[in-house]
Amino acid sequence: MIKNYLKTAVRSLLKNKGFTAINVLGLALGLATCLLIVFYVFDELSYDRYNAKADRIYRLNNDIKFGGLENSYAVTPGPSAAALKADFPEIEQVARFRNRGGNQVRKGTQDIQENRMVYADSTIFEVFTLPMIKGNPKNALTEPHTIVITEDMAKKYFGHVDVLGQTLTVNDSVQYKVTGVLQNIPSQSHFHFDFFMSMTSTNSKYDISWFSNNYFTYVLLKSGVDPKTFAAKLPEFMIKHAGPQLQTILHMDFNTLEKNGSYFKLSIIPLTKVHLQSTSIDEIEPNGNIDYIYIFSATAIFILLIACVNFMNLSTARSSNRAREVGVRKVLGSPRSALIAQFLTESVLVTLIAAIIAVLSAWGALGLFNQISGKQLTVTPQILGWLAPCLLIIILVVGCLAGSYPALFLSGFQPIKVLKGKLAGGFKGGMLRSVLVVIQFAISIFLIVGTMVISGQLKYIQNKDLGYKRDHVLVIQNVWALGNSSKIFKEEVKQLPGVHGAALSDALPTDENSNSTTYFKDPVIDQKRSVLTFDWNIDEDFIPTLGIKMAAGRNFSKDMTSDSTGVVINEAFAKQLGYANPLNHPVYTPADAMVTKTNKYHIIGVVKDFNFKSLHTSVTPLLFSLSKDIGNLSIRVNTTDIPGLMAKIKDRWKELSPNREFSYSFLDQNFDAIYRSEQRMGAISIAFTTLAIIIACLGLFGLAAYAAEQRTKEIGIRKVLGANISTIVSMLSKDFIKLVIISILIAVPFAWWAMSGWLQGFAYRQNMQWWVPVTAGLSAIAIAFITISYQSIKAALTNPVKSLKSE
């Protein structure tokens, strides 16, 4: 019986090659797109799950509201880890990282810049799954000046992995003994350090402060411990340990602090949620976004739904072509269940063929998709393990779902009516088909509107006046490595043709993280008269080099020695202070971790607010101080010969430091990198929207073909009676265009609501424009009309003699 079903199904599909091709192509495109999205979503959701104890690992966050700002930080106080381990028996282990930042590591006579370096507790190997190729994880990081490196770094610096006992020279002075070699950190990790230096190698003055955040702290809870119960105990924990310091610094307890509208709280986030759901300040690496997972998952379902709708539409539209077949089968005694099985077999067979094509297409398109999405997706045995059974389920579900209505519809024909030719077919009267066409185009219009809004917001970001000039600014990184020669390097660079300015600073507007400090209006520490601000160390050339505008007062001057205690603030800082004119007013900041004394500064200038963080957030207080901190050199260039200028700058660098690596970037490229996830989302949205429209148009093309075929005689009679081509085209198109207009009316409100919500994630955004849904609607109508027109014009040009010769 099954063999007969398959034979009949194959014959039917081969007999209607056009119908089969459209269905297979539509389903294949839908399934291939769905597979690519599933690969992407699976990759995003698998972050940090390589850790064997991932379900019990939590990162500690520090939530702070103070000095007019409210933020969550991924870093926590130094003493918190040891105190947690001592106070909570439900904690199995704790581990910390402290970001080391950029460093120079010596290879032969050359110093190479390395940015993935971190101080780490020896307990990281008990918390995280970090397989060690060489060495003993129990004692690898217990001694000062010991270091564990990844397999890639071992090969890079030594050429092999048997490197235990070897030494690495860091920053031209400190030697670290290699005590372990790790397997490379998996790509699905929220950290990718290459060098783990023992925490005992550093002695920080902030290790005793509960109000200085420098450490990424992770806790491993014992099996069976309720994380919510544990988190509920953290407020009392802070009162116990941080309370005495709070009393010393602010002369109040935590209850009084909260009554005054401020707080310092510890919270936890599951390790597996850090990548997609954490939006804290000072993250180790840029995170993903759970909203994009929801959006792409919904898009995959929508596109697959469109493909299934195509199948159902075309199968029911061609019902008249198979009506006599059904009638004859019923007359010969075929039960309805057998007919349903026959039609479902055809549907599953089409889905199977489409699935095979989809898998091959997805595999072939994986490289291009990786370029667009910024991923490194590969078809691994792990993926194949779940892909094969999932595909089988998809084939059965999609095949039965797409074929269910046609099977029930066709098998329900009355043989007497069918054989008498009383069964109406075609497009007219197909209420369900009309509804399905509306659903198809409503989804497509929704995606068009979404893509236009995303593209518009990205364009807005690119063109927005940020308050500083990011174009033509070359950034030489890690100038601190030159030591006292940094200023000489700066002055030599300024003399080069094509250079219009150069400035030293420890931070830039495109930096992911930067230092924050609390300043007070009075020498007596008062929480109500404080400002929590980002604090940048710059030289006197920084503000003019970046084109930042002064709102009041003046910039730093190297000719005024008093500027060593002067500060320049932004308008947001000035607003927090509350002075009508903040110039010459003093501000105070703690001189040490325990705030035993304060340093006094005076305000010499106010700059206009500029966006020094992502446009997702509003401009917050910022303070500039004159300092010898020399992290970066920003160079404003004005020349068409960028390679020639770069060569000259590099020559100056090599003269001063021949063994140190020369690394650079451009400020506008750094800016673009901040919004890389949005740019990728925009590119992916365009690709998926295009595919959705193509799939919808395939179905519309097939429906138009059948509508024209079933009205062949009507068209012939109309032509004999004098109807012209435009009249015929209009007659065949209007029913479809009406459905597209209904789709527009349904899709636009939902799209407007959804994209308005997405835009709320940006503090600076474009408003939803009326022309966006209008353009999307007109585009949908135009696309639908073009799709239908081919079949309509073809039918209108047919010789009426051929269509009426049987009459």
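Student: What's the angle between helix α22 and helix α23 where they pack?

Tutor: About 150 degrees, and their axes are 10 Å apart. Keep in mind that this is a predicted model. Here α22 covers residues 712-720 and α23 covers residues 725-759.

Student: So are α22 and α23 roughly parallel or roughly antiparallel?

Tutor: Roughly antiparallel. The cut-off for that label is an angle over 145 degrees, and this pair packs at about 150 degrees.

Student: And which hand does the crossing of α22 and α23 have?

Tutor: Right-handed.

Student: Which residues meet there?

Tutor: On the α22 side you have Glu714, Ile715, Arg718 and Lys719, and across from them in α23 are Ile728, Met731 and Leu732. By class, that contact holds 4 nonpolar and 3 charged residues, with no polar ones.

Student: What about α15 against α23, how do those pack?

Tutor: Helix α15, residues 431-463, packs on α23 at an angle of about 35 degrees, with the axes 7 Å apart. The crossing of α15 past α23 is right-handed. As for the residue classes in that contact, there are 21 nonpolar and 4 polar residues, and no charged ones.

Student: Switching topic: what's the mean pLDDT of the protein?

Tutor: The mean is 85, and 91% of the residues reach 70 or more.

Student: Where does pLDDT stay under 50?

Tutor: One such stretch is residues 424-429. For that stretch the model has 15 contacts beyond four places in sequence.

Student: Is Asn584 buried or exposed?

Tutor: Exposed, because its relative accessible area is 62% and the cut-off for exposed is over 50%.

Student: Last one, Thr620. Where is it found?

Tutor: In the loop between β22 (598-607) and β23 (622-626).

Student: Why does Thr620 count as buried?

Tutor: Because its relative accessibility is 18%, and buried means under 20%.

Student: What does Thr620 touch?

Tutor: Leaving out residues up to four places away in sequence, Thr620 touches Leu69, Phe534, Asn570, Ala572 and Phe612.

Methods. Residues are numbered from 1 along each chain as its sequence is written. This is a predicted model: local features need pLDDT of at least 70, side-chain atom pairs count only at pLDDT 80 or more; totals for chains, interfaces and linings use all residues. Side-chain values use heavy atoms; hydrogens and water are left out. Axes are lines fitted to C-alpha atoms, for helices over the stretch in contact, and angles run from 0 to 180 degrees between N-to-C directions. Helices (H or I, at least four residues) and strands (E, at least two) are DSSP runs, numbered from the N terminus. Angles under 35 degrees count as roughly parallel, over 145 as roughly antiparallel, 65 to 115 as roughly perpendicular and the rest as oblique. A crossing is left-handed if the near helix is turned anticlockwise from the far one by less than a right angle, and right-handed if clockwise. Contact means heavy atoms within 4.5 Å. Ala, Val, Leu, Ile, Met, Phe, Trp, Tyr, Cys and Pro count as nonpolar, Asp, Glu, Lys and Arg as charged, and the others, Gly among them, as polar. pLDDT is the predictor's confidence in each residue, from 0 to 100. Buried means under 20% relative accessible area, exposed over 50%, partly exposed in between (1.4 Å probe, protein chains only).
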